[in-house]
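Thanks for coming. I will go through one structure, starting with its strands and ending at its surface.

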Amino acid sequence: MVSITREELRYNFLKTIIIRFDFQGVFEPEIENILPQIKKYLKLKGFKRYEKNKNNHIEINVSDDNSSYPEVNKVQSREVHSFTNEDRGYVLDISSSFICLNVSTTKYLPFEEYSAIISDIVDTCKKNIDFFTITRIGIRKINICMLADKERIKDFFSSKYFGYFEEVEDINTLMSARKDVFFVNDYKVNLQCNIEQGNANSERLFRVSLDMDIYIDNQSIIETAYNSDGLQKMNEILFDIYISTLTNDFLKALSGKNEKLFNGLIGVEQNE
């Protein structure tokens, strides 16, 4: 594998980033009380639109009496305060049980920028709400690209993670999926490597997705991981996994050394 740093990359095919904090010990009025302070902060960060939505949370009891169907215990409706920065592609959702930042953009944005925003919001909650207890911290990154020639997938993605059955002639691959679940020290990781056939403008294309998420729910280390430095550590683990799934040629092209490799590849964007 080529030795490469994040700073060397000039292109990406990252489409969505999600950073989410789950917590307990908070009532909706307590969130309402600190919203004015949060709104002032988010306005300074370029957030201009606000919506209040309802989120239905369903609790299900799994019966041990051999019943065919699980029993719905109760449905809770929670208020979700949603703030949007359209220029940066940020949507920040705040409720009494979670804070979630969704980043959707085709241009590269520094991780330090948006991780600091959600860390500051969480810090505001910790300082102003008694018994605010983080139960889970997670980061998810979804990378997607498309190409017409199935055989060229091997030019970009490691066959250890992305593959399809080809032992019989005239195979027409509709979908191939691989999922790995593992630990990296105290962090839990889900890695999904998928190939899916579809059509766009009457052209057959293969959609390749690299979907990674990392999270911690260990209370003994959560308290030291909720800030920007802790999130950065999780992000570095995802980066190491990311580059391990790509071929050396693709990594070189992403670093700007052989852009001709991108011919026929849809979804790769240049970092600004």
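**Strands, core and surface**

In strand E7, Gly138 is the bridge partner of Arg20. This is a predicted model, where local features need pLDDT of at least 70, side-chain atom pairs count only at pLDDT 80 or more, and totals for chains, interfaces and linings use all residues. Residues are numbered from 1 along each chain as its sequence is written, and side-chain values use heavy atoms, with hydrogens and water left out.

Strands (E, at least two residues) and helices (H or I, at least four) are DSSP runs, numbered from the N terminus. Two strands pair if DSSP finds at least two bridges between them.

Leu147 is partnered with Leu265 in E11.

Which residues have the most contacts inside the largest nonpolar core? They are Ile137, Phe157, Tyr242, Phe250 and Leu254, in a core of 76 residues. Helix H5, residues 228–244, gives the most to this core, with 8 residues. A nonpolar core is a set of buried Ala, Val, Leu, Ile, Met, Phe, Trp, Tyr and Cys residues joined through side-chain atoms within 4.5 Å; buried means under 20% relative accessible area (1.4 Å probe, protein chains only).

Leaving aside neighbours within four places in sequence, Leu254 has contacts (heavy atoms within 4.5 Å) that include Leu9, Tyr11, Phe13, Tyr242 and Val268.

How values were computed:
Buried means under 20% relative accessible area, exposed over 50%, partly exposed in between (1.4 Å probe, protein chains only).
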